Amino acid sequence: MAIQLFDSLKRETRELQPSHPDGVFRFYNCGPTVYAPAHIGNFRAFVVNDVLRRLLELEFGPGKVKHVRNLTDVDDKTIKRSRDEGRPLAEVTKQWTDKFHADCAALNCLPPHVEPTATGHIPEQVDMIDVLMKKGNAYRAPDGSVYFKVSSFDHYGELSRVKERELQPSSALKALAADADEKEDVSDFALWKAHKDEDGVNSWESPWARGRPGWHIECSAMIKKHLGETIDLHTGGVDLLFPHHENEIAQSECCNGQQFSRHWFHNEHLLVEGKKMSKSLGNLYTLDDLTAKGFSSMALRYALLMGHPRKQLNFSLDSLHAAESAVSTLHSYFSNLVQRHEANRGAAPSGKFDDVLNALKNDLNFPAAFGVLFSAINALRVENTTPGDLAAFIRATWALGILLKAEFREVHIVPDEISVLAEKRWAAKQAKDFAAADALRKELTAAGWSMLDRKDGYSLEPLKKS
Ligand code: AMP
Ligand code: ZN
């Protein structure tokens with residue numbers, strides 16, 4: 001079964017497939033703004049995207065997915081934080097980038113293949129703005145800022161269904177917009193922001209004025225550099241749908257003259273005790289707040305996956321308690337399986353837990369996936385399992401990422417074709433057909449795997465890359 005995912009632009013569930021001839025699936029996920037610790041709402045977005053990344057790797061193969069997630073390290077919030085703390089911007093953003101990485105590791109999120117920063121891509125952003133200026137999609141305002149001319153892009157608003165009239169606010173609203181005097185039209189948005197005193201030293205040279213890039217152009221430029229002009233999937237939380245993603249589409253499509261992303265996916269928000277998270281309500285949690293209360297990071301990961309990602313999810317400490325107990329049930333089942341089949345690691349997955357993967361492939365239906373997983377472990381007593389059941393269990397829980405990598409010890413996700421070769425080789429060896437067994441070992445080595453024989457079975461290890 002192919003991966004089916006709701007597409008926020010086409011408003012329908014569609015199959016995910018790579019479109020480039022190299023077969024590499026190009027996946028971009030908007031990353032965090034690094035000025036403070038990410039909260040558990042942000043981590044809902046990153047954990048959901050991590051399951052998506054894992055599913056894509058299972059589907060297309062580990063080398064066939066390129067996952068890029070940016071770090072927003074220059075914007076109003078990061079600059080304000082640096083000013084308030086009297087510290088250089090780079091020092092502030094490094095601190096929160098390091099914390100973000102530590103939290104992602106604790107939540108068992110795979111690192112993206114590329115993690116570009118906005119400040120590391122100023123020339124690429126300037127180049128794109130330059131093209132937009134030359135094509136007449138952008139204009140320089142009197143203060144040297146550059147704006148995108150929304151009326152120059154006919155498809156503007158298709159993602160968010162912003163209606164024409166909503167883009168033409170009243171004159172009262174116009175007067176309120178901070179940069180209203182500079183723009184030709186209130187719906188136009190900044191590509192380049194001319195330097196202001198409050199930006200301090202955080203500005204760069206450009207053909208228009210010293211300044212800094214707008215937020216939206218950052219993603220467009222990093223995507224173009226690291227994934228190309230047309231990508232297969234672009235994701236983020238629903239709050240990014242408008243204006244951020246709408247503006248990314250406008251800039252990229254006008255600059256490149258190509259379709260920007262073939263598929264869009266947006267996760268809904270996490271609420272806490274039924275309310276939007278906010279500092280003033282005292283319901284804004286970070287991972288550290290919850291581990292300080294004695295919860296494990298895996299329980300948080302599980303709790304963030306408890307609802308359908310396109311529906312709001314209500315988080316509470318009760319739901320975290322339930323998640324903790326579910327994770328501990330899965331851990332003990334896994335340990336018992338591992339003990340029972342220690343000598344048989346590397347067998348082909350039996351298919352017993354495939355419905356978990358099928359539920360995930362069906363528009364990331366997490367509630368169904370967990371339902372199927374628990375029904376399966378209730379129905380299948382460890383004494384009655386085979387080594388292939390262990391392999392199938394590992395595959396399903398790896399996709400969900402709910403058992404930490406360390407707990408898998410030396411267990412690896414073995415691609416199906418490798419399992420098939422290993423099974424054939426094992427059968428040849430049992431039949432004393434050593435020539436065939438040797439030939440199959442060579443095939444395994446060429447594919448990057450070593451097979452370790454034991455008395456009653458074998459295990460498979462990926463060969464270390466030199
Ligand atoms: P930010 O650091 O604000 O740019 O956000 C990082 C990611 O978290 C983005 O994809 C946001 O859409 C997402 N996000 C922010 N708040 C929430 C929330 N309460 N629930 C789920 N996702 C969120
Ligand atoms: Zn973005």
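Is R212 buried or exposed? I looked this up at the outset and found R212 buried, at 6% relative accessibility. I use buried for under 20% relative accessible area, exposed for over 50%, and partly exposed for values in between (1.4 Å probe, protein chains only).

I note that this is a predicted model, in which local features need pLDDT of at least 70 and side-chain atom pairs count only at pLDDT 80 or more, while totals for chains, interfaces and linings use all residues. Residues are numbered from 1 along each chain as its sequence is written, and side-chain values use heavy atoms, with hydrogens and water left out.

Entry on R212 and D199. I found a salt bridge between their side chains, at 3.3 Å from N to O. R212 lies in strand β8 (residues 211–213) and D199 in the loop between β7 (189–194) and β8, 13 residues apart. Helices (H or I, at least four residues) and strands (E, at least two) are DSSP runs, numbered from the N terminus. D199 is also buried, at 5%.

Entry on salt bridges. I take the term to mean a side-chain nitrogen of Lys or Arg within 4 Å of a carboxyl oxygen of Asp or Glu. My search of the whole structure returned 27 of them.

Entry on K429 and D453. Their closest N and O atoms are 2.9 Å apart in a salt bridge. This pair joins helix α14 (residues 416–430) to strand β13 (residues 449–454). K429 is partly exposed at 26%, and D453 is partly exposed at 27%. I also recorded a salt-bridge network linking R425, K429, R441 and D453.

Key. Chains lettered and ligands numbered in written order.
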